[in-house]
Amino acid sequence: MQVIIIGCGKVGRTLAEQLQEEEIDITLIDQSAEPINDLSEDIDAMGIVGNGASISILREAGISGADVLIAVTGSDELNLLCCVIAQKESNCHTIARVRNPVYRDELNFIRERLGLTVIINPELAAAHEISRLLRFPSAIKIDTFARGRAELLKFKVLPEYRLDGLSVSDLTERLRCDVLFCAVENKNQVAIPDGDYVIHNGDMVSILGTPQNTAAFFRKIGFISRPVRNCMIVGGSTVAVYLAHALLDMRIDVKIIELNKNKCEILSELLPDATIICGDGSDRQLLLEEGLAEAEAFVTLTNMDEENIFLALSAKNISDAKLIAKVNRLEFDDVIESLDIGSVIYPKYITADYILQYIRAVQNSIGSNIETLYHILDNSAEALEFAIREESPVTGIPLSELKLRKNLLVGSLNRNGKIRIPRGQDTIQVGDTVIIVTTHRGLRDITDILEK
């Protein structure tokens, strides 16, 4: 498979590194030689310096034989133009990154009229992920499947939950909640647990189930969770605008603190129902005066990763708010995760996962398409949702009789809109969607779950 990536910034780099693991031929295009050279040192890819909207540059990159073109430059309009020109020259799939809130309500119109395959908006996707967390603030991370009917929630095991020393089978028997324990992270290991795996305080555990069953699980361990009623946001970024719209629609009070006066005026026009404060979000006294101590959610969305992390750490000492920090640079994500500041959102990962999901679906367009894909467990495992289109060696056979690969779980079955955590006697049927959690990378078809 041949993929052309136009734009070698953070998203382009993350995407190229992940596609490299998929054994895909990659061609990079950027107007500057430096990012191409830096990236070419780490991955095997051809690089071309030039304008991705130039037909001669696209022909040099092999557009006539390309399967997918992905435009992720810093300009929305350039990304759209690259895709339009590529489609005039070839029949490849085209994916454009479009971020400007001006296009918020026009993305479907743009995609259909221009003939693009996919439009991805990292800031909007990040805002959606944050809003999900604020609906269920006890979770550190929430990934959704089956159009919201199933969710994968990550939480930290605290002493008050009284789970320390219990095995997964003990917990399943004691709590009688229809959820699946599908991942555990701690300082020593990252694991997909079996029934004998013992949970300890401090572990990061991921459970899979319907929203109703995951909520019941948290109630039974003594954690009553409800959506937050108010949210303080530092930084009037694009993500903040998208997030504020979503929260206001959920009837959550929103207060945004932004230093730039002109930006505050724009925010006031875009968000008339939100409270906009013109001030320095790193000013501790200002935060206290604006009610940080009573806030139920505190989200840091400035353009500086260090400031976002510092503010979240600082707020942890003076507030019980749900803390969420946005981080763009990915080089120190392991260090950031160890700081225990609540939830950390990486828009670049969200974008790369979405595009990778689509590319795998293009590679396998007949038997069982990948509907959803997330990287989990510090990027060392994947959670995938397959749509079963036809009969195969995995359909109609009880799961207990299938020779599944090790470090792989069949997480749930979605049949006619009903979610079920499968048992050994259950079978996968045509028409189902199936969630798989595994440490094996690069699954493209449901038959890849079987031992080779």
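Valine 68 sits in strand S4, which covers residues 68–71. In this predicted model, valine 68 is buried, because its relative accessible area is 0% and anything under 20% counts as buried. What does valine 68 touch, leaving aside its neighbours within four places in sequence? The contacts are Met1, Gln2, Val3, Ile4, Cys92, His93, Ile95, Ile359 and Val362. Phenylalanine 386 is 318 residues away from valine 68 along the chain, and their C-alpha atoms are 21 Å apart.

Now for arginine 97, which you'll find in strand S5 (residues 93–97). Arginine 97 is buried but has no salt bridge. Which side chain of opposite charge is nearest to arginine 97? That's aspartate 76, at 5.8 Å, and a salt bridge needs the atoms to be within 4 Å. The side chain of arginine 97 does reach the backbone oxygen of valine 72, at 3.1 Å. Valine 72 is also on the list of residues that arginine 97 touches, not counting those up to four places away in sequence; others on that list include Val11, Asn79, Ile120 and Lys348.

Next, a sheet. Five strands form an open sheet in the order S7-S8-S11-S9-S10, and the pairing is antiparallel. At the edges are strand S7 (141–145) and strand S10 (190–191), each pairing on one side only. Further in, strand S8 (residues 150–156) and strand S11 (residues 204–209) run antiparallel and are joined by six bridges. Look for leucine 152, which stands opposite leucine 208 in S11. Helix H8 (residues 211–220) lies across S8, S9 and S11, at about 25° to S8.

On to the charged pairs: the whole structure has 17 salt bridges. Here are some of them.

| Salt bridge | N to O distance |
|---|---|
| Arginine 13 and aspartate 42 | 2.3 Å |
| Glutamate 185 and lysine 154 | 3.2 Å |
| Arginine 176 and glutamate 173 | 2.7 Å |

Glutamate 185 is in strand S9 and lysine 154 is in strand S8, so this pair ties together parts that are 31 residues apart in sequence. Are these two buried or exposed? Glutamate 185 counts as buried at 11% relative accessibility, and lysine 154 is buried too, with a relative accessible area of 15%. Arginine 176, on the other hand, counts as exposed at 61%. Finally, salt bridges that share partners join Arg13, Glu17 and Asp42 into one network.

Notes: Residues are numbered from 1 along each chain as its sequence is written. This is a predicted model: local features need pLDDT of at least 70, side-chain atom pairs count only at pLDDT 80 or more; totals for chains, interfaces and linings use all residues. Side-chain values use heavy atoms; hydrogens and water are left out. Helices (H or I, at least four residues) and strands (E, at least two) are DSSP runs, numbered from the N terminus. Buried means under 20% relative accessible area, exposed over 50%, partly exposed in between (1.4 Å probe, protein chains only). Lys and Arg count as positive and Asp and Glu as negative; His and the chain ends are not counted. A polar contact is a pair of N or O atoms within 3.5 Å; within protein, one must be able to donate a hydrogen and the other to accept it, and residues adjacent in sequence count only if both atoms are side-chain atoms. Contact means heavy atoms within 4.5 Å. Two strands pair if DSSP finds at least two bridges between them. Axes are lines fitted to C-alpha atoms, for helices over the stretch in contact, and angles run from 0 to 180 degrees between N-to-C directions.
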